[in-house]
Amino acid sequence: MSAADLPIREAITRIRPYRPGKPLQEVEREYGITGAVKLASNENPLGPSPRAVAAMQEAARDVAFYPEDSCFYLKRDLAEHLSLPEENLILGNGSDEILHCAGLSFLSPGDNTVMAHPSFVMYETDTLVCDAEPRKVPLTDYTHDLDAMLERVDARTRLFFVCNPNNPTGTYVTRAEIERVMDRLPDSCLLVLDEAYYEYVDAPDYPQSLDYVREGRRLIVLRTFSKIYALAGLRVGYGMARPDIVQALHQVRPPFNVNSLAQVAAQASLADPEQVTRSREVNRQGRDTLTRELERRGMRAVPTQANFIYIDTARDARRLGEELLCRGVIVRVGDWIFGDPTFIRVTIGTPEQNERFIEALDKAIREIPPYEEPLAKAS
Ligand SMILES: *Cc1c(COP(=O)(O)O)cnc(C)c1O
């Protein structure tokens, strides 16, 4: 049966499928190598807290039962951790699910959303799913062009996405800039502040977005246990917003959306601040080392506040990605997702992994001539 025979919604056909980074085992199998490293999906190379692993082992005995639908204990601990009332919190199957719920709750056909480009691809997907129009505004100097984004807001704009720090570039917007956006957005539009990399940030003028939630402003803040807490495989993230916004998100949330192992692991992770401190420290050192090594090779690394670096390799990034892949290093290639043909996004790894990446990079660039701008640039 061909797709033409199916009653597929027209809106769905416009969605570009999400292409995840290749799993390690697949790369090792394809290239007949071992010991490959994956620096493609911004996962934490140090892994989760041992307390989280122990909690999961304990909870594994009870997987015959459905999980706690309200995430009762996790929500209680998270509320305490954040000093935020529980009514401001919603847990999701990854923060991705909260994004999806935001689309379902706030977007009707014919509405639109505003986002930066390149930025996190799910904003566009979740908009298209709802038959709404994604308005993508190019970054300026790798950073959100908030004025240009505000200009695209009209009476049908419901969600205004700011990815802070931005994936894939690692840049951030300041407290003053976010406050200006909130002051200028009409009441018919919510700000969605995606802070998936919040715990890695060290810029002093980064916004304290929980204050805005406490003040009852019209925004949703998203954070996750996938990145610094190293629980990406479990799928658990959360949203913070005014109680009426949280209620709207709950309306479309599937029951039992956060599984029981994820709930206990997230709870145990909150009780292990050591793991976060260590991860942040390793990331900072890795960031400095990689930036220095790249500069030495004449490659521009965009200054990052996250656990990845966006790098202009001055080469055809797709070919470079292939050359790295066959040397057992998996990175994200800018070309098709980001529209930057010479860029790669590399997750900051352990010192050994970073070294491995640089070694592979040195070999790979010898295989590829410097990139020349094509006469007619594909849009
Ligand atoms: C990784 C990531 C997420 C998704 O996180 P999950 O909680 O694993 O769904 C959301 N936003 C951005 C910008 C990310 O990079």
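## Contacts with the ligand

A polar contact is a pair of N or O atoms within 3.5 Å; within protein, one must be able to donate a hydrogen and the other to accept it, and residues adjacent in sequence count only if both atoms are side-chain atoms. In this predicted model, local features need pLDDT of at least 70 and side-chain atom pairs count only at pLDDT 80 or more, while totals for chains, interfaces and linings use all residues. Residues are numbered from 1 along each chain as its sequence is written, and side-chain values use heavy atoms, with hydrogens and water left out.

Ser226 places a polar side-chain atom 2.6 Å from an oxygen atom of the ligand. For Asn167, a polar side-chain atom lies 2.9 Å from a ligand oxygen atom. Ser95 takes part through a backbone N or O atom, 2.6 Å from an oxygen atom of the ligand. The protein covers 94% of the 390 Å² of accessible area that the ligand has on its own (Shrake-Rupley method, 1.4 Å probe).

## The surroundings of the ligand

There are 13 residues around the ligand, and Ser95, Tyr197, Thr224, Ser226 and Lys227 come nearest; a residue is near if one of its heavy atoms lies within 4 Å. By class, this shell has four nonpolar, five polar and four charged residues. Here Asp, Glu, Lys and Arg count as charged, Ala, Val, Leu, Ile, Met, Phe, Trp, Tyr, Cys and Pro as nonpolar, and the others, Gly among them, as polar.

## The chain as a whole

The chain has 15 helices and 13 strands, which are DSSP runs (H or I, at least four residues, for helices; E, at least two, for strands) numbered from the N terminus. Its C-alpha atoms fill a box of roughly 55 × 55 × 50 Å along the principal axes.

Most residues other than glycine have a negative phi, and most peptide bonds are trans. A cis peptide bond, with omega about -5°, joins His117 and Pro118; Pro118 is in the loop between β3 (112-117) and α6 (122-129). The bond from Asn164 to Pro165 is also cis, with omega near 0°, and Pro165 lies in the loop between β5 (157-163) and α8 (175-184).

Asn42 is not a glycine, yet has a positive phi of about 60°. Asn42 is found in the loop between β1 (37-38) and α3 (50-59).
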